[in-house]
Amino acid sequence: MQLITAVIKPHQLDAVKEALVRHGKPEIFNTDQGSQFTCEAFTGVLATADIRISNSILRTGGTLGSNGYVQGLRVNAPTNKITVWNTIAYDWIGPADHTSGFYCGDYSGAVLIAYNCTAYNCLYGFHNETTTGTFTAVNCLAQDSFACFYGTFTASSYNCSDDGTHPGT
């Protein structure tokens, strides 16, 4: 599967927004393996509504996005909050310096909370670039990555990595 930056059409986003208005927000959004569920436009809608994401499998062939990055699940906007668990990100490798399975960008108020997640064969498994936001990783596993956990993590525990970079005990 190749990463495509515009994998979800505007009318599809409108349908999701309309469903949220009509039926209220779900507590959890369970997804399949589709990259349309991990693109910035879609996760932005979920983050704005404070909806948690669960049970996704994220994989790429290493194609750069329009911003020059290859990232799986990303919080890349101010005041966005994404809570994700039971999610696997693998093969997030490519020519970009910031190729990450789980990524929190440097935006004020950006929050990424990852529970029971796995990053495998990524340049950066769990990557926190923010100095003004928060990235929490609990019970997460990273393996076969250049840097399994990169950056500073808040209130993180029970993580494991094969390179010893995991936060918490």
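Tutor: Happy to! Start at A142, which stands opposite S161 in strand β14. This is a predicted model, so every pairing we follow here is a computed one. Strands β12 and β14 run parallel and are joined by two bridges. Now widen the view: β12 and β14 belong to an open sheet of five strands, in the order β3-β6-β9-β12-β14, with parallel pairing. At its edges lie β3 (57–59) and β14 (160–161), each of which pairs on one side only.

How far can you trust this spot? Strand β12 (residues 141–143) has the highest confidence in the protein, with a mean pLDDT of 96, while strand β4 (residues 70–75) has the lowest, with a mean of 66. Over the protein, the mean pLDDT is 77, and 75% of the residues reach 70 or more. Be careful with residues 1–6, where pLDDT stays under 50, although the model has 15 contacts there beyond four places in sequence. Where pLDDT is low, the predicted coordinates should not be read in detail.

Next, have a look at another set of parallel strands. Strand β10 (residues 124–128) is mostly covered, with five of its five residues buried. It pairs with strand β7 (residues 99–104) in the parallel sense over four bridges. You can find one of these contacts by eye: S100 has Y124 in β10 as its bridge partner. Strand β10 is also joined to strand β13 (residues 147–150), through three bridges, and these two strands run parallel. Here the residue to look for is F126, whose bridge partner in β13 is F149.

A disulfide is a covalent bond between the sulfur atoms of two cysteines. The count of disulfides in this model is zero. Take C117 as an example: the closest cysteine sulfur to its own is that of C140, and at 4.8 Å it is too far for a bond, because the cut-off for a disulfide is 2.5 Å. C117 counts as buried, at 1% relative accessibility. Another cysteine, C104, is buried as well, with a relative accessible area of 0%.

For a contrast, turn to helix α1 (residues 10–23). E18 and R22 both lie in this helix, four residues apart, which is about one turn. They form a salt bridge, with their closest N and O atoms 3.1 Å apart. The structure holds one salt bridge, so this pair is the one to find, since a salt bridge is counted within 4 Å.

Finally, step back to the whole protein. There are two helices and 14 strands, and buried residues make up 46% of the 169 residues. Among contacts with a separation of 6 or more, 59% are between residues 24 or more positions apart. The protein exposes about 8,000 Å², and carbon and sulfur atoms supply 53% of that area.

Conventions
Residues are numbered from 1 along each chain as its sequence is written. This is a predicted model: local features need pLDDT of at least 70, side-chain atom pairs count only at pLDDT 80 or more; totals for chains, interfaces and linings use all residues. Side-chain values use heavy atoms; hydrogens and water are left out. pLDDT is the predictor's confidence in each residue, from 0 to 100. Contact means heavy atoms within 4.5 Å. Buried means under 20% relative accessible area, exposed over 50%, partly exposed in between (1.4 Å probe, protein chains only). Accessible areas come from the Shrake-Rupley method with a 1.4 Å probe; for residues, only the protein chains shown count as cover. Two strands pair if DSSP finds at least two bridges between them. A salt bridge is a side-chain nitrogen of Lys or Arg within 4 Å of a carboxyl oxygen of Asp or Glu.
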